[in-house]
Every structure is written in structure tokens, then in C-alpha cells.
Amino acid sequence: MIGQAKYKREERVSFLLTIDGAETKIDGVIYVVDANGTSEQSEEPSYDIEAFYDGSVVLFKHIRESLVSPRA
């Protein structure tokens, strides 16, 4: 078992994502908590995060907890 997820649904967070070779900080809202990880990885919880990016609302899926931080 992985342990309890650090963030809850609808919590405002930031996360890092590599886009076109550059690390980008994106602000969003937790949409889904995958407390047991995903089929791709089971080392840590992951999240589906809804964010406004490049002019559209986007659902970023399976963002590892280690890449997420509370939004200041």
C-alpha cells in the first residue's frame, strides 16, 4: 500500500511538467485523486489536475505527487 494522498479533490495546487524540453510550472485544481497510483506506476499517489493552459482548460492526467505542491 502506498499511503495516504497528500492532496484532496478540488484543492488548488501547482505542478511541474516538461513541455517542449522546458520545465513548466502550471497552476490547477485537483480533479481526481489516484491514491493507489496508476497502472503506469504504483510508487506514489497521482492526480488528475484541471488547469488553464495555452488558451484552453486541460485535464492533465496521472501527475505524480512528487511533482505537485500547494499553490501559494
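1. E10 is exposed, with a relative accessible area of 59%, where exposed stands for over 50%, buried for under 20% and partly exposed for what lies in between (1.4 Å probe, protein chains only). E10 sits in the segment before β1, and its phi is near 75 degrees, a positive value in a residue other than glycine. Its side chain forms a salt bridge with R9, the closest N and O atoms being 3.7 Å apart; a salt bridge here is a side-chain nitrogen of Lys or Arg within 4 Å of a carboxyl oxygen of Asp or Glu.

2. Please read these values with their origin in mind: the model is predicted, local features need pLDDT of at least 70, side-chain atom pairs count only at pLDDT 80 or more, and totals for chains, interfaces and linings use all residues. Residues are numbered from 1 along each chain as its sequence is written, and side-chain values use heavy atoms, with hydrogens and water left out.

3. Strands are DSSP runs of E with at least two residues, numbered from the N terminus, and two of them pair if DSSP finds at least two bridges between them. Strand β1 (residues 12–19) runs antiparallel to β2, joined to it by eight bridges, and L17 stands opposite T24 in β2. The two strands form a hairpin with two residues between them; D20, in the turn, has a positive phi of about 55 degrees and is exposed at 80% relative accessible area.

4. On its other pairing, β2 is joined by six bridges to strand β3 (residues 46–53), again antiparallel, and the partner of D34 in β3 is S46. D34, in strand β2 (residues 22–34), is buried yet has no salt bridge, the nearest side chain of opposite charge being K61 at 6.3 Å; for charge, Lys and Arg count as positive and Asp and Glu as negative, while His and the chain ends are not counted. Leaving aside neighbours within four places in sequence, D34 is in contact (heavy atoms within 4.5 Å) with P45, S46, D48 and H62.

5. K61 does meet D48 in a salt bridge (3.0 Å, N to O), a pair that links distant parts of the chain, D48 in strand β3 and K61 in strand β4, 13 residues apart. D48 is buried, with a relative accessible area of 4%, whereas K61 is partly exposed at 47%.

6. The salt-bridge count comes to four. R64 forms one with E43, the closest N and O atoms being 3.3 Å apart; R64 lies in strand β4 (residues 56–64) and E43 in the loop between β2 and β3, so the pair ties together parts that are 21 residues apart in sequence. E43, E44 and R64 are linked in a network of salt bridges.

Definitions and conventions
Helices (H or I, at least four residues) and strands (E, at least two) are DSSP runs, numbered from the N terminus.
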